[in-house]
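Please read the points below with the sequence and the model open beside them.

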Amino acid sequence: MASEPPGSSSVSAAIKNQLRAAAFAVLLLTVLTGVVFPLVVTLLARSLFPRQAAGSLIDKDGRVTGSELIGQDFRAPGYFHPRPSAAGSGYDGLSSAGTNLGPLSPSLTAGARHDPWKPDANESYDGISQLAAAYRRENGLTRQSPLPVDAVTRSGSGLDPHISPANAALQATRVARARHLPLERVLRLIALHTEPRQWLFLGEPRVNVLALNLALDQVALLRAGRDR
Amino acid sequence: MTFPIFLQYTAFLLCVTLLVKPLGGYMARVFQGEWTLPDRLLRPIENGIYRVLGVDPRHDMAASEYSGAFLLFSLFGALLLYGLLRAQPLLPWYDAALLKTPMTPDLAFNTAISFSTTATWQAYGGETTMSYFSQMVGLEAQNFLAAAAGLAVGIGFLRGLVRTKSPGIGNFWVDVVRSILWVLLPIALVGALLLVWQGVPANFEPYTRATTLEGRPQSIAQGPVAPFEIIKNLGTNGGGFFNANGAHPFENPTPLANFLEMLAIAALPAALPYTFGRMLGRPRQGWVLFGVMACLFSIGLTLCHAAEQGGNPWVARAGRIESSATENQPGGNMEGKEVRFGIGGSVLGAITTSNGATGSTNSMHDSYTPAGGLIPLANMLLGEMVFGGLGAGLYSILFTAFIGLFAAGLMIGKTPEFAGKIIASGEIKLIMLYTLVAPAAVLIPTAVAVAVPAGLAGLTTNRGPHGFSEILYAFTSSFANNGQAFGGLSANSPFYNLSTAVAMLAGRFGLAIPALALAGRFARQGRRPMTAGTLPTDSFTFAVVLVGAALIIGALSYLPALALGPIVEQLLLAT
């Protein structure tokens, strides 16, 4: 580099310099941004926000019940139910996904019994009509009563931990009956677990299904203790 | 529009606007080598890096050399990433039982091109394909590197307009290193911690095995998400850590996190016009460009919001659903959207990511209403000139302006000029090349894909007009280096892995190289003094010419294709 002969060899020296610079730049900056940076962030995160850094996990009797942020499937009538999910067979934490069904897709409204493109896999799923009918049946609603849209649509992640307060309210009667609780009590629990919009204007009011169901179990425990 | 949603949209634009001057001024100082606050800490590191690289930071590169360095840097980045991905089973944190998607040569090739061009198109789902090592050292590092390269090219382009009688447009290595050390890393560090505070995980734990309240097993994917999450947005890359990308609660846990992530996408590209104005010594020029961007952004936001809040009448009928928003439920089209974001946060995400060349969508655009899905598609087709990719957005809007000025110049019989630089025949050839690459790289592959069985095989979820939209969206997004998708398209096949990679390469280098070549020509020119006959380029008239040029070119190029997809679908929806 110091003494460059004129002509073509100086061009080849320049190219050699560029190649060297490019190779070292990629390697050095990769280590800086792909190794040092994530390690620093992870270490800082662990000391500043240990709960969030670990995935906001919920421990119950020494076992992990799930994550506050990741929705999970509930089917028993005594629990509040989440939205329908397209993640795996439903709330599969390893295969986040939405349906990706187009707005005019017949499968979106009527579901699919089996997918002719994949004869081996059982990929049947319910459409909005079936989901709405099932939701009305479970909660003793008439065919005329309008449903909140989140009750019958699938989220983008398939792991949505929330339902709308309207959705929760429609499920309250079923939950109260299954748990032999006064409806009043269940509605109070919903109100207690309804998160307002963040900073009053960001996002939508919502109810964390897992948190609400944990609270229901807590109530059941307290009652059992008192009865004894 | 409910009042809180209106507030959210307004607050977003306000925050972006308030950040323009501090961020734009900061970047101008950084890239002109002026004093900045972190100098004392960073200068020694910077000089150490130059020593290792063997580069002289004072060396001024001609446009050709600058382009060469950019190409080599991208090539080596892609090669390293390809190698890391193929070697994934031999590297740490690999678990064959969980990572079920095989890293085939075509998938690794597609991903390597995708992340080294900031497209970050993903033909795979992160949690079932990538080890933590691949996510960090492979993908996350490329998020930084490719973003820095894009910013460097944008700055090199600006120097062409700013300098007079200059043989060079700066030093690529200096611009890349300064992009990373001064701009991306400090903001990413603060941003990553803010995201962790909101709930984004950052750990190296294995996937959690939980037992749900009802006693069923649930596995929960984990990982060093926060450091990845911030740079994927800040660098306008957008490829997600998980399959559901920004919709996944671990990537985007709260409405505030969503707001911050969208801000991370828009803030730097929105500030670049001001950087340009300051470097030029005419801040007003920067504000006019920003004004055009903000206006187009608001229009897209309003239209998309109306379509999505209006909901899907077919779905409303099928389930007898409450379509309008109330205080207790979001209403509208919630298929593929998260309750915490509702319509407002989702639409803000769709518009910011589609304008910002960032694929980190927080809702599934495939399930949007036809009109709602048309807006992000149109944003990408117009060249992502509203904020746009880091660096690329600025030269996109300026190229559009040049075409408008050229047409306007013809109409009034003047030689078109911008910032005292003449747009003569040599310049306009480069500009036309730039303009023609886009329709060629988007429409031809789309036409091929709908004509051959390998292309049609991707339509596993949707067919008919929506299937066409999926394919058009795929090539548009690849070319625009955006990376978002109508996700129903099964794109992990040799056909799509190779064809979208070609579109991504065309979108990155087919635009950046003409832009740098043009910058080289402009830099060699002198600067014409402003006279009474000059069309002022910091005026309302200029803004109208710019928007007009964008709409006319866009409509002429793409209206027929759009008519076959989203437009016909919207008409069907009304039946």
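This is a predicted model: local features need pLDDT of at least 70, side-chain atom pairs count only at pLDDT 80 or more; totals for chains, interfaces and linings use all residues.

1. Residues are numbered from 1 along each chain as its sequence is written, and chains are lettered from A and ligands numbered from 1 in the order in which they are written.

2. Chain A is assigned domain 1 (8-52) and domain 2 (57-227), with bounds that come from an automatic or database domain assignment. The C-alpha centres of these two domains of chain A are 44 Å apart.

3. Between the chains, 98 residues of chain A are in contact with 110 residues of chain B, where contact means that the C-beta atoms, placed from the backbone, lie within 7 Å. The largest share of the side of chain A that touches chain B comes from H1(A), with 23 residues. By class, that side of chain A has 52 nonpolar, 35 polar and 11 charged residues; Ala, Val, Leu, Ile, Met, Phe, Trp, Tyr, Cys and Pro count as nonpolar, Asp, Glu, Lys and Arg as charged, and the others, Gly among them, as polar.

4. Strand S1 (residues 57-60) of chain A pairs with S2(A) in the antiparallel sense over four bridges. Helices (H or I, at least four residues) and strands (E, at least two) are DSSP runs, numbered from the N terminus, and strands pair if DSSP finds at least two bridges between them. A:Leu57 stands opposite A:Ser67 in S2(A). S1(A) and S2(A) form a hairpin with two residues between them, and A:Asp61 in the turn has a positive phi of about 50°.

5. In chain B, helix H13 (residues 392-412) and helix H18 (residues 540-573) pack at an angle of about 100°, with their axes 8 Å apart. H13(B) is therefore roughly perpendicular to H18(B). Axes are lines fitted to C-alpha atoms, for helices over the stretch in contact, and angles run from 0 to 180 degrees between N-to-C directions; under 35 degrees counts as roughly parallel, over 145 as roughly antiparallel, 65 to 115 as roughly perpendicular and the rest as oblique. The residues of this contact divide into 10 nonpolar, three polar and no charged.

6. Helix H3 (residues 63-86) and helix H5 (residues 132-162) of chain B have axes that come within 10 Å and cross at roughly 170°, so H3(B) and H5(B) are roughly antiparallel to each other.

Definitions and conventions. Two residues are in contact if their C-beta atoms, placed from the backbone, lie within 7 Å.
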